[in-house]
Number of protein chains: 2
Amino acid sequence: MRFTIKREEFLKGLNIASRAISSKNAKAVLENFKLELNEKGLFITGTDENISIKTQVPYKLGEEDIIRNYKEGSVLIKARLLVEMIRKMDTEEITLDVIDSTIATISNSNNRSEYSLNCVKVDEYPDLDLDANGTELTLSRADFDILVSQTTFAASLKEQRPILTALNLEASNGTLTATATDSARMARKTLSIPLGVEFVANVPAKMMNEVNHLLEGRESVTIAFSDKKALFTIGTTVVATRLIAGDYPNTKNIVPKVTNYLLEVNANDLMKAIERANILSIDRENIVDLSMSEDSIEISAKSSQVGSAVERIDVFKYVGQNLHISFNSGFVIEAVKALGSADVTLAFVGEMKPFVVENASDDSIVQIVTPIRTY
Amino acid sequence: MRFTIKREEFLKGLNIASRAISSKNAKAVLENFKLELNEKGLFITGTDENISIKTQVPYKLGEEDIIRNYKEGSVLIKARLLVEMIRKMDTEEITLDVIDSTIATISNSNNRSEYSLNCVKVDEYPDLDLDANGTELTLSRADFDILVSQTTFAASLKEQRPILTALNLEASNGTLTATATDSARMARKTLSIPLGVEFVANVPAKMMNEVNHLLEGRESVTIAFSDKKALFTIGTTVVATRLIAGDYPNTKNIVPKVTNYLLEVNANDLMKAIERANILSIDRENIVDLSMSEDSIEISAKSSQVGSAVERIDVFKYVGQNLHISFNSGFVIEAVKALGSADVTLAFVGEMKPFVVENASDDSIVQIVTPIRTY
């Protein structure tokens, strides 16, 4: 294999594929990119076995030659080194020439830089399933972004119950429902989709964020869900991620149907007050208290060693009897932030029941936080 | 003690003094600021025993009241919490009221935030020597900045030989000479100062950087050197640092008087080539090789496992016989960067002798790097 390539387009491709390369991979072969040059262009693949990314650099972009003076072939080459090298070079073109499948020489167009990298034959690389099959759904960048950013933060980061690290996606009757929960809180977002698209898939929440990042500046993404994988197609890049096996917990009945206490406040006032009070929640792992009555809303925190904080919110609407509730400050702040609205409604069933964080004017998103028992 | 203070000025003072607060201080009392309100204003002090910073917030700035409604007094109060609190508040004024020397209440001007912090009597605070005595020298911000940024990077970061963590300052005959060395390289900068100012002081290089940071946006600094400390006065802030005891190594004869090989190159070309070649110096801890002849300049690196790199520099002037030398890439890059000039001269005595990195048009700065023996 050999080719001369526009450095900028090569680097773009390398950067995309490198998002699948893990710095601490047990399998040495996965520290490599797989580079393949065939009649369609240069394909760069990276994988850490959880996520695989394959992206294409075409021979031409419009009238502009991107790859020239080439010979088809393939090779495995150290990903981190190649990215660093191409990033630090400063000529318009780069030439990569593979000698005998074991050494690649990389030079820039003024021949001032000449590198020779040991490389590996492609047959050592794992077979990756990067074909689109199963049910397909196309989402705009804006829809995908909102789906991901309003939900994935609520998924679990711990591997004890792997299913909770997923974003649960369920498509039926023209609605896509995305649910994330770490069992102490839940975020759910619904989107309208074409009728007839039906599937259930548990996609690692982390991978949804990764795909959302790759979508920046793009128009849309097409997702194909099969039994074991989700395959995202973004322009000339495909991203495959395994699905998480197992049944997602039944979260259908978590959103309370009837609530007895209702607080409406400015989202920013609420977040700022919680953030400040939280400074004094040192001994209590970010737990703050919320005391509500028709006359006053107070957020407070206390540390036996350090002191105490009381925050009052002046402008609010509260309906219900006096209520005192304690919660993880980060959970409520993240939920309010995810709503992205100027005002926010908190609806409570009772002191120890999960409560709702929502936006009165947008019923496509609902968030649930479980209070914490304090003494 | 009590006072109502403009939040922004209070925060500025807290941020300055907090630069002396260490997050991992063995003495709990040093996690506090000392706040003192006397007839001159509010004084905020922080120390970690190596560096002490005391800054003043005045009663008035021009016609504007900064502190009002006050009662003199003093208290020790948790530094990290106070900074975080004042930073997160959003009103123009803050009121701090110390009750009985053990509790401070902090409230904002709309009374929506009310904090109560346990605090400590000032008599538990160490006595700090923050008086200016000894020889004084005033430097402009520009001179101080260049003195520090062209030298301190060459000081040692390791505590094995504490004296090498210092910037050695020597004033005599109208010249201030600053020297830093970690024993493998050296940076020396000279400045003209008034005749008659004579002193020798070993100031921790880290503290010189800290003072340089505090000087941002200021005009000048006055330094008073006594036997055991240097005291920096920057506007209404004083910074005291202990000096490092012991004799600084004799570096007078390290700069070679006669050199046999002379390379002149563009600084940027040289740094870029070293940076790129260094990608392949993985097994050798950032060692790269420089081969010079009248026909070519090559920088190379090799890793037995990964591959090799050769960088050629096209535009250069070289006088001398062929020479091959190996060095720590970071040392040469930092030395070239510190010069801040478009072109750079490297002057060599021989393969294993320390070499000079300098700028032909500025003899106030000279840098020495020791080559590394490679096989």
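1. Salt bridges overall. This is a predicted model. Over all chains, the count comes to 40 salt bridges. Side chains of opposite charge can pair when their charged atoms come close. Several of these pairs come up again in the points below.

2. A salt bridge inside a helix. Look at helix α2 of chain A, residues 79–88. The side chains of Arg80(A) and Glu84(A) meet in a salt bridge, at 3.1 Å from N to O. Why does the spacing matter to a reader of the sequence? Arg80(A) and Glu84(A) are 4 residues apart in helix α2 of chain A, so about one helical turn separates them.

3. Where that helix lies. Helix α2 of chain A lies across two strands, β2 (32–38) and β8 of chain A. The helix runs at about 90 degrees to β8(A).

4. The sheet under discussion. Strands of a sheet pair through backbone hydrogen bonds, either parallel or antiparallel. In chain A, 8 strands form an open sheet with antiparallel pairing. Their order is β8-β2-β3-β4-β19-β18-β17-β12. Which strands stand at the edges? They are β8 (73–78) and β12 (135–140) of chain A. Each has a single partner strand, so one side of each is left without a neighbour in the sheet. On average, neighbouring strands of this sheet are turned by 20 degrees against each other, direction ignored.

5. One strand pair in detail. Strand β4 of chain A covers residues 51–57, and strand β19 of chain A covers residues 237–242. They pair in the antiparallel sense over 5 bridges. Within this pair, Ile51(A) stands opposite Thr241(A) in β19(A).

6. Domains of chain A. The domain assignment gives domain 1 (2–124), domain 2 (135–242) and domain 3 (261–369). The centres of domain 1 and domain 2 of chain A, taken over C-alpha atoms, are 29 Å apart. Their contact takes 9 residues from domain 1 of chain A and 11 residues from domain 2 of chain A.

7. Area between domains 1 and 2. The size of an interface is often given as the accessible area lost when the parts come together. Domain 1 and domain 2 of chain A bury about 1000 Å² between them, and 51% of it is on carbon and sulfur atoms. Which residues of domain 1 lose the most area to domain 2 of chain A? They are Arg19(A), Asn50(A) and Ile51(A), together 51% of what that side buries.

8. Polar links between domains 1 and 2. Across this interface of chain A there is 1 salt bridge. Arg19(A) forms a salt bridge with Glu210(A), with the closest N and O atoms 2.3 Å apart. Between domain 1 and domain 2 of chain A, 7 residue pairs are in polar contact.

9. Chain B against chain A. Here 31 residues of chain B are in contact with 31 residues of chain A. The two chains bury about 2900 Å² between them, 45% of it on carbon and sulfur atoms. In chain B, Arg112(B), Arg276(B) and Ile279(B) lose the most area to chain A, together 24% of what that side buries.

10. What links the chains. How many salt bridges cross the interface of chain B and chain A? There are 6. Arg112(A) and Asp314(B) meet in a salt bridge through their side chains, at 3.9 Å from N to O. The interface of chain B and chain A also holds 24 residue pairs in polar contact. On the chain B side, α2 (79–88), β11 (113–118), α5 (267–278) and β23 (307–313) each supply at least two residues.

Notes:
Residues are numbered from 1 along each chain as its sequence is written. Chains are lettered from A and ligands numbered from 1 in the order in which they are written. This is a predicted model: local features need pLDDT of at least 70, side-chain atom pairs count only at pLDDT 80 or more; totals for chains, interfaces and linings use all residues. Side-chain values use heavy atoms; hydrogens and water are left out. Two strands pair if DSSP finds at least two bridges between them. Axes are lines fitted to C-alpha atoms, for helices over the stretch in contact, and angles run from 0 to 180 degrees between N-to-C directions. Contact means heavy atoms within 4.5 Å. Domain bounds come from an automatic or database domain assignment. Buried area is the accessible area (1.4 Å probe) that two parts lose on being put together, summed over both. A salt bridge is a side-chain nitrogen of Lys or Arg within 4 Å of a carboxyl oxygen of Asp or Glu. A polar contact is a pair of N or O atoms within 3.5 Å; within protein, one must be able to donate a hydrogen and the other to accept it, and residues adjacent in sequence count only if both atoms are side-chain atoms.
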